[in-house]
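Hi,

Here is the structure I promised to pass on.

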Amino acid sequence: MTKPEFIPVAPQAKRQRDLRLDFFRGLAMFIILLAHTPGNTWTLWIPARFGFSDATEIFVFCSGMASAMAFGAVYLKKSWFLGTARIAFRCWQVYWAHIGVIFATVILLIALDKTGMGEEGKTYANWPSIVRIFSHTQEYLFGIFTLNFVPGLFDILPMYLVILAMIPVIMGIHKIGGRFAVFAFMLTLYTAAQFGGYLRLEAKIDDPTAWQVALFAFSENFDFLNLPGSPWNENVNWFFNPFGWQLVFFTGFAFGVGWLPAPPVRRWLVLVAVGYILATMPFAWHKLHGAAGFLAGTDLQTWIIETRSFIQPMWTKITVGPLRYLHFLALAYVFWVAVGDGGVRLNEGWKAVVRSVGQRRLLALISAPVLVLTAPHTYTAEIAAFMPSLNAWILEHYWLIEGERIGLSQLAHLLALITFIWNVIGDQARQWLIRDAFVSIVPIIRKVGTQSLAVFMVSIVLSRFNGWWLDVLDRDVWSRFLVNGTGFAVLIATAYLVGWFKRQPWREDKKRNPQAVGGTPLSGTPVGQKSGQAETLRA
């Protein structure tokens, strides 16, 4: 009998990563760095300043979709036990990532103090999130390792850790009762978390009404969902309540495993989503409800402030209030529609709207005077740095808008600047911006999204360094551009470096040429010849 010939079987095609998932998760990483950098005015332009939801929802939602693709398949193709083992391994990784980030930050701040540079009289290691490690070392270490102490800035990964640990429960419920049983569990737990979160507002209400007193009494039944966050103060809980945030995560998870269908693309749905986003803006943007906003002192602002306070349980970040959750869904839907079916516009970009030369000249002429008239209020920091007397005169006498209400002027300047530049540059430049330039940036942002855990860890430590660096450079428009731009570059470099290590390039030669090691020994021994030296090399 002849030995049957071995016919290799083609490997199963690997599932392609979703362009949109990695792209938006990458954007979230850049936004989180900006938000965590102390004294960074670029945070005035992140999504959280204009609406209830922010980059945290993007990160958690996309992580839910990614988990569905990475871990859900193990449950569906293998078994509940193996899927749970895979989750346990990921929880182990995230736990030690959390511990490592904390101590890396502690060492960094100690090192920054040793340089003797920075803001005069400021000790960076006295930052409230880490200072007790020096004065209450035993309690601090025990609390950190047991997750009984979750200080500010280090609170996202513990929340993510608990939600990951809930995946086996969700998959078990699905196996028993199907997707609707899962949705019922998610909503029940989310509702309970809302009551528990509402209980935390009791101390902030000086004169509660009768119905509030009754609601507080009922909410005490759910206080166990408020996880303890400080060994020194029993009234301090985790800032991110995982039992509320699980709804965001498992919404993404449900889309990822196919329990929820993709929403239809409808014009009226887009208009409803945009309308809701705009309607929530007055209650989120500090220039409308803040003391220095351009509505300061008006009856309208008083109504906005009172309404914002009344609906606070509905938009709180602690448990992802219902209005906040809806805001994220509306925002996600708009951008999901914007990037096209399957994220096609992330590959092809957009086409510029064709306008006549006369129309473009008219728009440029209209925007130019607005650009000039709003300039004094827009560049107050730069004018103050070079000509303090001129800046004082502008704030006192400039007739356009009062000095304490410059937010509207700055916004008008930004819109006029964009309109002017867009209509002055040529057709080729416009098309290059929204097609070629955009498409060339997408892979970089996606790369950051594919390595989100490593990038997030670096961003936490980097944000404290960037805050110190801004203190050294003395904050101005150019130093912020330098520090933020360098921070973005570090995140990008981190993503590519981690991706390089994960590819295991030291094994690439063997993958390309299987006989490089086993087929043609380095000693020159012919293939198939038994040789002690060849066997040693193979070992």
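Let's start with Tyr198: with a relative accessibility of 8%, it counts as buried (buried means under 20% relative accessible area, with a 1.4 Å probe and protein chains only). Phe216 is buried too, at 3%.

Before going on, some housekeeping: this is a predicted model, where local features need pLDDT of at least 70 and side-chain atom pairs count only at pLDDT 80 or more, while totals for chains, interfaces and linings use all residues. Numbering runs from 1 along each chain as its sequence is written, and side-chain values use heavy atoms, leaving out hydrogens and water.

Back to the rings, where Phe, Tyr and Trp (its six-membered ring) pair if their centres lie within 6.5 Å, with planes under 30 degrees apart counted as stacked, over 60 as edge-to-face and the rest as tilted. That rule gives 40 aromatic pairs. Tyr140 and Phe149 are edge-to-face, because their planes sit at 75° with the centres 5.1 Å apart; both residues are buried. Tyr198 and Phe216 are stacked, since their planes are at 20° and their centres 4.9 Å apart. Tyr198 belongs to helix H8 (residues 179-199) and Phe216 to helix H9 (residues 210-219), so this pair ties together parts 18 residues apart in sequence. Helices here are DSSP runs (H or I, at least four residues), numbered from the N terminus.

There is also one aromatic cluster, formed by Phe59, Tyr160, Phe249, Phe250, Phe253, Trp259 and Phe456.

Finally, helix H10 (residues 242-257): 14 of its 16 residues are buried, so the rest of the structure largely encloses it. Just after H10, Gly258 has a positive phi of about 90°.

Cheers

How values were computed. Helix = DSSP H or I, 4+ residues; strand = E, 2+ residues; numbered from the N terminus. Expected span 1.5 Å × (residues − 1). Buried < 20%, exposed > 50% of the residue type's maximum accessible area, 1.4 Å probe, protein only.
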